[in-house]
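Me: I would like to learn how to read accessibility and surface features in a structural model. Could we go through an example together, one feature at a time?

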Amino acid sequence: MRDLLASVLMEEHLSLGTRYEFIHDRLQAVRQDCVVQQLATDPRSAWLYEQIGRFYILVLFLLGRPRPSGQSGQRATRGRTNGGGGGGGGEDGNFSTHLATQALESCLNGLMEIYERSNEEGYAQPREVEY
């Protein structure tokens, strides 16, 4: 997980939107695997969900806000108005603020379930206060 996030995010020859799409697809598959393998509420999955949540928070910060006028004529928030992917190409690729926010919300909901189960089992999650 760390390698995926670190190596792909650092690929500066790719647009941030392209990097987002690649990582988003992989993270969706990881989360789906957690559900299939019944790890979605396992306290040991907390770290994984925390990393996924951090990724979406970072992406929403970088791509989900207007750019200063000196940079690219496009706005990164185009997904806010249509809820869709917004068109391809450019720095943003097919980034959608709405879809990224939904993914973050789903991740945080899963993380809250993990924290609740951890508390029931008497296991303290060290980063719970951050979320």
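Reply: Let us begin with Leu58, which counts as partly exposed because its relative accessibility is 36%, where buried means under 20% relative accessible area, exposed over 50%, and partly exposed in between (1.4 Å probe, protein chains only). This is a predicted model, in which local features need pLDDT of at least 70 and side-chain atom pairs count only at pLDDT 80 or more, while totals for chains, interfaces and linings use all residues. Residues are numbered from 1 along each chain as its sequence is written, and side-chain values use heavy atoms, with hydrogens and water left out.

Me: Where is Leu58 placed?

Reply: Helices (H or I, at least four residues) and strands (E, at least two) are DSSP runs, numbered from the N terminus. Leu58 lies in helix 3, and the protein has five helices and zero strands.

Me: Is Arg44 buried or exposed?

Reply: Arg44 is exposed, because its relative accessible area is 71%, and this residue sits in the loop between helix 2 (16–36) and helix 3 (46–63).

Me: Which side chain is joined to that of Arg44 by a polar contact?

Reply: A polar contact is a pair of N or O atoms within 3.5 Å; within protein, one must be able to donate a hydrogen and the other to accept it, and residues adjacent in sequence count only if both atoms are side-chain atoms. Here the side chain of Asp42 makes such a contact of 2.6 Å with the side chain of Arg44.
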